[in-house]
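I have a new structure open and want to know how its pieces pack. These are my notes, in the order I looked things up.

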Amino acid sequence: DELKLTSKNQLLGTPLYIAPEQYLDPHAVDGRADLFSVGVVMFELLANEWPYDWQSKRELLGKVLHGELERHPMAKNAGVPAWLDAIVARALAHKREDRFASADDMKAALEAGPPPAKAGILRRLFG
């Protein structure tokens, strides 16, 4: 009945959105764990399903811990552009070192959008 604040190193979150390091080493959690969670939400929006397949909470936990998830929404929805697929895959990297270093970095990648298309041969030759 008493209102308490979350204690330091307490696991808090929804299992489908928690980054692996939150289970493995709560002391090592930083902002990249939040980027993982954003990646899960982006995957859901783009693929219309979860990046995990599981039958039980135990199986889900094992998949989170071992990085057994689909990182590419394009695999579930061919309409996802490759540049956006790559951003989601990077956000869902199992190792936090492989994710964006910060939310600003991820934002910059999203704002940059797709790489410019190469002009055809005639346009390159004649402008």
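**How α2 meets α4.** I started with helix α2 (residues 31-47) and helix α4 (residues 82-91), whose axes come within 8 Å and cross at roughly 140°. That makes α2 and α4 oblique to each other. My angle classes: under 35 degrees is roughly parallel, over 145 roughly antiparallel, 65 to 115 roughly perpendicular, and the rest oblique. Axes are lines fitted to C-alpha atoms, for helices over the stretch in contact, with angles from 0 to 180 degrees between N-to-C directions. The crossing of α2 past α4 is left-handed; that term is for a near helix turned anticlockwise from the far one by less than a right angle, with right-handed for clockwise.

Next I listed who touches whom: Leu35, Phe36, Gly39, Met42, Phe43 and Leu46 from α2, and Leu84, Ile87, Val88 and Ala91 from α4. Contact here means heavy atoms within 4.5 Å. Sorted by class, that gives nine nonpolar residues, one polar and no charged. For the classes, Ala, Val, Leu, Ile, Met, Phe, Trp, Tyr, Cys and Pro are nonpolar, Asp, Glu, Lys and Arg are charged, and the others, Gly among them, are polar.

**A note on the source.** This is a predicted model, so I kept in mind that local features need pLDDT of at least 70 and side-chain atom pairs count only at pLDDT 80 or more, while totals for chains, interfaces and linings use all residues. Residues are numbered from 1 along each chain as its sequence is written, and side-chain values use heavy atoms, with hydrogens and water left out.

**Bringing in α5.** I found helix α5 (residues 103-112) with its axis within 11 Å of that of α2, crossing at roughly 35°. α2 passes α5 in a right-handed crossing. Leu35, Val38 and Met42 of α2 touch Ala103, Met106 and Leu110 of α5. I count six nonpolar residues there, no polar and no charged.

Then I checked α4 against α5: the angle is about 170° and the axes are 10 Å apart. α4 and α5 are therefore roughly antiparallel. On the α4 side I noted Trp83, Leu84, Ile87 and Ala91, which meet Met106, Ala109 and Leu110 of α5. All told, this contact has seven nonpolar residues, no polar and no charged.

**Which residues have the most contacts inside the largest nonpolar core?** They are Phe36, Met42, Tyr52, Leu92 and Met106, in a core of 21 residues. A nonpolar core is a set of buried Ala, Val, Leu, Ile, Met, Phe, Trp, Tyr and Cys residues joined through side-chain atoms within 4.5 Å. α2 gives the largest share, seven residues. I also looked at Met106: past its neighbours within four places in sequence, Met106 contacts Leu35, Val38, Met42, Ile87, Ala91 and Phe100.

**Lys63, buried or exposed?** Lys63 is buried, with a relative accessible area of 17%. The cut-offs are under 20% for buried, over 50% for exposed and partly exposed in between (1.4 Å probe, protein chains only). Lys63 is in helix α3 (residues 57-66). Neighbours within four places aside, Lys63 touches Tyr52, Asp53 and Glu68.

**Whole chain.** I noted six helices and zero strands. Helices (H or I, at least four residues) and strands (E, at least two) are DSSP runs, numbered from the N terminus. Of the 127 residues in the protein chain, 31% are buried.
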